Amino acid sequence: MTDRFYYRLIGLFIILNGALIYFNARLLEKGVHQHVLLIGNLALAAITGLSYSMNRKGIQSANNNAFVRRVYASTLSKMMLCLVGITVYVVLNRAHTSKETIFILMFLYVVYTVIETLSLQQLTKRKK
């Protein structure tokens, strides 16, 4: 059974980075901090890969409690990374915080979560 999630994850990361670089001028006009978006994209891709790995081990476990614990742990770790990242951004750029930057980061979180969820759904269908 080959798992192509990591190829999709790397492809999505490259596409999103390309889009952020391509729309650099337009984003700067809106007051968006592009370097924060690029770092956030990298962090979200990394934590999504880790989260997927945790969830996959949970799916393969025979114990249902282990599956639930891993899903909660992966979700909590992903949300906490986002919370810590946004808090650090706001504290460091208190006077120049961009709401657009935060909303774009939240959109990236949703995109990575959807890709992870769809891949896990396909994996559970193949397991049956």
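Predicted model: local features only at pLDDT ≥ 70, side-chain atom pairs only at ≥ 80, totals over all residues.
I started with the largest nonpolar core, which has 23 residues, and looked up who touches the most other members: Leu 16, Leu 37, Leu 44 and Tyr 112. A core here is a set of buried Ala, Val, Leu, Ile, Met, Phe, Trp, Tyr and Cys residues joined through side-chain atoms within 4.5 Å. Buried means under 20% relative accessible area with a 1.4 Å probe, protein chains only. The elements giving two or more residues to this core are α1 (5–22), α3 (34–60), α4 (64–92) and α5 (99–127).

Numbering runs from 1 along each chain as its sequence is written, and side-chain values use heavy atoms, leaving out hydrogens and water.

Next I checked Leu 16. Skipping residues up to four places away in sequence, I found that Leu 16 touches Asn 41, Leu 108, Val 111 and Tyr 112; contact means heavy atoms within 4.5 Å.

Then I zoomed out. I get five helices and zero strands, in the order α-α-α-α-α; helices are DSSP runs of H or I with at least four residues, strands are E runs of at least two, numbered from the N terminus. The C-alpha trace spans about 50 × 30 × 15 Å along its principal axes.

Of the contacts with a separation of 6 or more, 77% are between residues 24 or more positions apart. Last, I looked up burial: 33% of the 128 residues are buried.

Methods:
Buried < 20%, exposed > 50% of the residue type's maximum accessible area, 1.4 Å probe, protein only.
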